[in-house]
Amino acid sequence: MILDLDIGNTLSKWRLKDIASSEIRSRGAVWTREEWRPGPDIPDLDVVSAVRISSVARRAVLDNTVALLRRQVGAVHVARSMPEALGVSCGYREPGRLGVDRWMGALAGYQLTGGCCSVDCGSAITIDFVLPGGRHLGGYIIPGLRLMKESLKLGTRNVAIDPDSEADELLAPGRNTVEAVNHGIYMAAVSAVNRIYSEVCDREGVALPLLLTGGDARVVSRGIRVPHALWPDMVYAGLEASFPLTAAERAGRMSGAPRVPPPVSLEKIRAALAFSMLL
């Protein structure tokens, strides 16, 4: 089995993948903590022959995790952000400072589409652009839904935005304080994604496919006004592309890759931008 780890600042996600069939056998998540140790919420390392890791947690967390795994598993692959990989050139002046989860998403998105906007809706919402030809422009980071809610300190931390709510309802004025907080945060997030996507496509002269991932991707998706696809395993797919271990991966097939709808035309993006500037 292959153990894939996506260690975030808040949550550490894992999945077990069959090395022979390339099928996903199980998956789960635990809170990111000081040490990553086997337990009832973590898979049995005895069945694992290789590990692939994407981590944005503190260096000590990653070091402890790698040390533990290397005592029990033959091969441990740790993803790093680099100046260039898989046909993508990093847009950061110091590539090592780009969050590796963003880099994995950019690599996976480029392999799938040949140029894209990748949006990761986690503790923060990150928005990255890779042009056709592989030039990564860099990106944007804005507070995620939960982070914005916590910053208001209104006792609404445990009131989640329903991912099945209609977008029009979430964009309407709230009729009590909880609704007002939820709807305001939601409008701030989706408005930022919509505007950033349109502005960058306009400036670069290309309409890019749009991909969403992360824990809040499904709810953010409901307010995105251009065609897009959800790809929950996008970071894992970046690990697959960077460290292909199965026959399917070596053939370029990434787990859970969605059907990506073609983007709207650049003319429509520019027309919508021009209209919004008149308001």
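**Figure 1. Cys 116 and Cys 117 in the predicted model.** Cys 116 counts as buried because its relative accessibility is 0%, in a model that is predicted rather than determined by experiment. Cys 117 likewise counts as buried, at a relative accessibility of 0%. A disulfide is a covalent bond between the sulfur atoms of two cysteines. A search of the whole structure finds 0 disulfides. For Cys 116, which is in no disulfide, the nearest cysteine sulfur belongs to Cys 117 and is 7.1 Å away. Cys 117 is also in no disulfide, and the nearest cysteine sulfur to that of Cys 117 is the sulfur of Cys 201, at 6.9 Å.

**Figure 2. The annotated residues Asp 101 and Asp 120.** An unreviewed UniProt entry lists Asp 101 under "active site", and the annotation "binding site", from an unreviewed entry as well, covers Asp 120. Asp 101 is found in helix α2, which comprises residues 100-113, whereas Asp 120 has its place in strand β8. When neighbours within four places in sequence are left aside, the contacts of Asp 101 are Ser 54, Val 56, Asp 120 and Val 235. With neighbours within four places again left aside, Asp 120 is in contact with Asp 101, Ile 125, Thr 126, Thr 213, Gly 214 and Val 235. Asp 120 has a relative accessible area of 16% and is therefore buried, the cut-off being under 20%.

Figure 3. The N-terminal end of α5 is capped by Asn 176, of which a side-chain oxygen lies 2.8 Å from the backbone nitrogen of Glu 179. Just after α5, Gly 205 takes a positive phi of about 70 degrees.

**Figure 4. The largest nonpolar core and a second, separate one.** In soluble globular proteins, nonpolar side chains tend to be buried together. The largest nonpolar core of this model has 33 residues, and among those with the most contacts inside it are Val 119, Ile 125, Ile 127, Phe 129 and Tyr 197. Two or more residues are given to this core by each of β8 (116-121), β9 (124-130), α3 (145-152), α5, β11 (210-213), α6 (217-221) and α9 (266-278). The element that gives the most to this core is α5, with 11 residues. Within the largest core, Ile 127 is one of the residues with the most contacts; leaving out residues up to four places away in sequence, Ile 127 touches Cys 117, Ser 118, Val 119, Gly 138, Gly 139, Tyr 140, Val 193 and Ile 196.

**Figure 5. Val 51 in strand β4.** Val 51 lies in β4, the strand of residues 50-55, and is buried, with a relative accessible area of 0%. Although Val 51 and Leu 5 are 46 residues apart along the chain, their C-alpha atoms are separated by 7.5 Å. Not counting residues up to four places away in sequence, Val 51 touches Leu 3, Leu 5, Leu 69, Val 73, Ala 75, Val 76 and His 77.

**Figure 6. Asp 233 and its polar contact with Arg 27.** Asp 233 has its place in the loop between β12 (229-230) and α7 (234-242). With a relative accessible area of 7%, Asp 233 is buried. The side chain of Asp 233 makes a polar contact, at 2.9 Å, with the side chain of Arg 27. When residues up to four places away in sequence are not counted, Asp 233 touches Arg 15, Arg 27, Thr 213 and Ser 255.

Figure 7. Most residues other than glycine have a negative phi. Leu 86, which is not a glycine either, has a positive phi of about 50 degrees and is found in the loop between β6 (84-85) and β7 (88-89). Ser 22 is buried, with a relative accessible area of 14%, whereas Leu 86 is partly exposed, with a relative accessible area of 37%.

Notes
Residues are numbered from 1 along each chain as its sequence is written. This is a predicted model: local features need pLDDT of at least 70, side-chain atom pairs count only at pLDDT 80 or more; totals for chains, interfaces and linings use all residues. Side-chain values use heavy atoms; hydrogens and water are left out. UniProt positions are given in the numbering used here, feature names are shortened, and annotations may be inferred rather than shown by experiment. Helices (H or I, at least four residues) and strands (E, at least two) are DSSP runs, numbered from the N terminus. Contact means heavy atoms within 4.5 Å. A polar contact is a pair of N or O atoms within 3.5 Å; within protein, one must be able to donate a hydrogen and the other to accept it, and residues adjacent in sequence count only if both atoms are side-chain atoms. A disulfide is a pair of cysteine sulfur atoms within 2.5 Å. Buried means under 20% relative accessible area, exposed over 50%, partly exposed in between (1.4 Å probe, protein chains only). A nonpolar core is a set of buried Ala, Val, Leu, Ile, Met, Phe, Trp, Tyr and Cys residues joined through side-chain atoms within 4.5 Å.
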